[in-house]
Amino acid sequence: MQRQRVVAVITTTSVAASGRGSGYVVGPRLVLTSAHVTGPTGSPVEVFRPGHPQTYLGRVVWSGTPGGRDDAALVVIDDPAWRPPSGRAVRWGRTLTYRPGIPCESWGLPALVQREGRPAELLQPSGTLNPGDRYVGDRYVMAVTGTAPGTPADKSSPWAGMSGAALFCGDLLAGVVAADPAGRGHGHLEAVPAYVLHHDPAFRAVLGEHSAIEEREGVVLEPIEFQHLAEAADPAAVVVPGGIGVSPAGLLRARRQIVPFHGRQDVLARLNAWADLPGFGALLLHGVGGQGKTRLATHLAGQLAAAGWGTLWLRPNASPADLAVIADTAAGLLVVIDYAESRTDQVTALLEAATRLESPCPLKVLLVARTAGSWWHSLKRASSTNGALLEHAPLIDLQALEQDPAERGHAYRQAALAFAHALEQSPALAEDSSPAGSAGESWSALAAALPLPAALGTAQRGNALTLHMSALTDLLDAATGATAVGGGHEMGPAGAGVGAAGVEDRLLEHEERYWRSAAVVFGLYDRTRDGLVLPQVLTDALAAAIALGAADHSQALALLARLPALAERSTAERRERVRDWLAALYPPTDPHQPWGTLQPDLVAERFIGRHLLARPGLADQLTVGADTVQAVQLLTIYTRAAGHRVFAGSLDAALTALCARQAAVLVPAAIEVAPQAERPAPLLDALQQVLNVPDLPHAAMRAWHDHLPQHSQVLAGWAVHLTAHLATWHRDHQDLPNLAVSLNNLSVRLGGLGRREEGLAAIEEAVAIRRELARTHPDAYLPDLAMSLNNLSVDLGDLGRREEGLAAIEEATTSYRKLARTHPDAYLPNLATSLNNLSIRLGDVGRREEALTAIEEATTILRKLARTHPDAYLPDLAMSLNNLSIRLGGVGRREEALTAIEEATAIRQGLAKARPAVYQAELEQSLAVMEWLRGT
């Protein structure tokens with residue numbers, strides 16, 4: 001809660017129940033207060049800041065019902081003398097669980113601290129709230145910490161004047177103080193929840209109309225209890241001495257919503273229908289960069305906020321372990337995971353938490369990504385939970401927004417006027433980007449005079465971001481007197497190294513003016529000495545900050561020190577000024593991080609691509625000393641940049657060579673990035689090159705193999721080559737145990753590629769090695785032999801060699817039976833699995849009675865295990881009972897089969913009740929078997 005936003009509100013209108021109260025500035029000139037303080041819409045009010053003498057005139061522009069559920073009001077300050085407060089934009093929130101004791105605070109001007117003849121005084125009460133208190137009446141109740149104030153002699157409330165004060169929980173504005181409830185001894189304060197206000201379209205319209213450009217995020221209600229998991233909204237511009245203006249590219253950030261949302265009605269209808277479904281749901285929204293995915297997600301979040309939903313934009317560095325709390329959700333929650341292709345561990349943890357959701361309220365996970373390729377298929381196979389929750393998840397491939405060239409002219413004009421309006425409300429641009437040189441014309445006049453671009457008919461202009469960039473750059477070109485307006489300018493920034501360019505490059509020219517303006521303020525740039533070109537060290541620093549990032553200030557300084565011009569000890573102070581300059585340009589959303597990043601992504605990618613093309617040695621300098629997160633970020637943005645049409649493949653060779661040169665740092669990152677990439681070829685080429693290096697260290701190959709995902713279509717071929725290299729190394733060094741491991745892994749990888757005969761040869765060799773090892777050292781190698789025999793049985797069965805597959809699983813079962821006899825805790829589960837597989841193989845060759853005997857033994861073992869470890873083995877017992885019923889039915893023992901399937905169904909009903917998303921499909925399977933048996 002920001003003290004500088006706290007105000008007193010006074011009204012003299014006779015219809016107001018109370019003429020004095022508190023308020024909180026939620027926009028540059030907009031104050032949130034109480035309806036019973038101000039009176040109805042149109043009422044005049046006065047506002048002042050406690051501790052300051054000046055009073056400002058205002059009027060009520062929205063009012064709820066005094067004393068009612070929506071007892072709140074919005075006041076706009078018309079007084080020209082008013083100066084908006086500095087600081088970050090206000091974020092709104094609501095409770096999503098019934099966790100008691102949620103910390104909260106407020107600031108206001110209650111009667112209990114006022115003294116006659118003295119200036120108005122503030123009080124900062126704090127306490128806790130329980131979401132269940134006054135739930136039916138739509139109220140939050142703060143239990144004030146400390147001794148409750150006494151009742152004044154005139155029987156009035158000591159809290160008079162506190163009405164209208166903002167109630168905060170952490171960083172989120174949760175409500176508006178409305179009453180001192182009777183019967184509570186003045187120890188509690190009631191507040192109107194923010195979700196009640198946001199439910200009113202008129203309230204939301206006024207709030208949006210009077211928001212600053214820096215505050216134009218999607219107006220959503222963030223979950224109070226989960227705010228530690230939230231990605232902070234786009235920060236307001238940082239104010240520095242002299243002023244650095246506003247980032248032109250920042251005006252395009254999707255969550256600022258500067259250009260009014262339009263179109264996509266069919267997609268929105270699908271998304272809202274998905275959100276309306278009860279319980280859990282996941283959906284993947286994918287499309288090329290700039291197509292409007294994040295903007296669409298923001299708009300959906302705003303629509304759901306109007307219905308009282310909470311929205312959590314999950315921050316990228318939230319620990320998967322922290323996501324378990326999502327299971328406590330008790331109200332509608334939309335979780336948005338942007339760049340989901342690079343955050344699969346988080347997705348998996350979130351899905352696991354969703355299976356423990358007890359509330360029937362909807363929990364929706366919106367995954368936003370550029371592709372739905374290999375990473376998506378791997379994610380679904382990463383765990384049984386993922387498979388259950390994602391197998392039938394809807395996919396929406398977002399196509400171009402403006403597909404009809406005839407409609408693009410209107411969209412272009414609308415975007416230009418929206419940017420002009422935003423610029424008129426914003427801090428000035430860099431001095432050489434303002435419209436002052438255009439005969440004093442306003443931004444709106446410049447926008448209205450823009451000719452329609454000749455390039456509107458091209459396919460690229462159907463991309464929402466490209467169209468908006470065209471409108472913005474044309475407007476900025478007009479302001480700076482550029483000769484080419486309307487999409488005709490094609491030259492990129494100086495030193496870019498590529499001749500023809502596009503709208504991203506034009507925008508970067510204006511962004512460089514912003515960089516220079518800020519560099520002057522920070523004493524890093526002298527216009528008279530340096531001319532128009534930003535010093536190389538500063539553009540290198542920008543590239544480092546954008547391409548690699550830094551987790552904290554220490555890592556930021558270490559990264560800058562890898563630039564030769566900043567490497568010396570004598571430049572430490574300059575490194576700190578460069579770091580502060582970067583933070584001023586792109587403020588971080590996380591206070592622990594040193595800086596944010598250039599957005600939109602397409603602009604950042606174009607900058608990095610051009611800069612690394614012009615400075616081919618820079619990437620090597622930055623890579624040395626990079627950690628895993630930085631390496632992944634570098635390859636992600638480099639790979640995306642290489643895919644831009646303007647580079648025509650000219651970055652591919654450099655990217656591949658960089659990965660090969662810096663293999664120790666970048667190969668693990670390439671393994672992680674390639675499955676996510678739209679165009680992974682340069683990374684795959686690099687991975688193949690590193691395997692061709694003579695005398696490749698075994699430790700490196702081992703580490704790379706351990707880094708491989710279990711499933712990846714993109715990496716499948718390289719995984720086979722790497723595993724074969726490992727097998728060759730172990731064979732050359734006569735390391736038989738590890739050779740068997742590599743051969744076993746190789747058989748699995750070959751099978752995934754459909755190369756079954758080669759996979760069979762590999763597993764047969766692994767079995768032969770392990771059989772020999774187990775003959776002399778059974779305690780050490782018999783378990784490995786049994787496992788390989790099980791795999792051999794599967795491979796033989798897949799090739800139609802059923803009798804041989806049966807022989808292999810019989811030997812595996814014999815081995816596990818022997819192991820379970822001496823180590824039951826360790827090997828009984830394996831024996832049960834092997835018996836289940838044996839039953840299948842026996843059934844395949846028509847030996848039904850023996851198949852029944854095997855599944856009966858498996859069921860007996862699992863029943864014993866489930867008795868002592870139900871959480872671990874009840875699902876397996878249900879599966880075994882399901883199979884047992886089918887076997888019994890197959891030999892005509894119908895009554896026994898019904899008994900088995902009824903037990904399986906009862907177990908699965910209990911499991912599905914606790915975790916419906918995971919076990920509902922299995923329950924339906926058992927119900928189908930029961931129906932079949934009853935119909936026979």
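Predicted model: local features only at pLDDT ≥ 70, side-chain atom pairs only at ≥ 80, totals over all residues.
Modeller: Residues are numbered from 1 along each chain as its sequence is written, and side-chain values use heavy atoms, with hydrogens and water left out.

Biologist: How do you know that the span of helix H4 agrees with its 12 residues?

Modeller: Helices are DSSP runs of H or I with at least four residues, numbered from the N terminus, and the expected span is 1.5 Å times one less than the number of residues. For residues 265–276 that rule gives 16 Å, and the end C-alpha atoms of H4 are 16 Å apart, so the two agree.

Biologist: Which residues of H4 are called buried, and what puts them on the same side?

Modeller: Buried means under 20% relative accessible area, exposed over 50%, and partly exposed in between, with a 1.4 Å probe and protein chains only; the buried residues of H4 are Val 267, Leu 268, Leu 271, Trp 274 and Ala 275. They cover an arc (of the directions from the helix axis to the C-beta atoms) of only 125 degrees, which puts them on the same side of H4. On the other side of H4, Gln 265, Asp 266 and Asp 276 are exposed.

Biologist: What makes the protein chain agree with a compact globule?

Modeller: The radius of gyration is taken over C-alpha atoms, and the globule rule is 2.2 Å times the number of residues to the power 0.38. With 936 residues this rule gives a value near 30 Å, and the protein chain has 33 Å, which agrees. Buried residues make up 55% of the protein chain.

Notes
Helix = DSSP H or I, 4+ residues; strand = E, 2+ residues; numbered from the N terminus.
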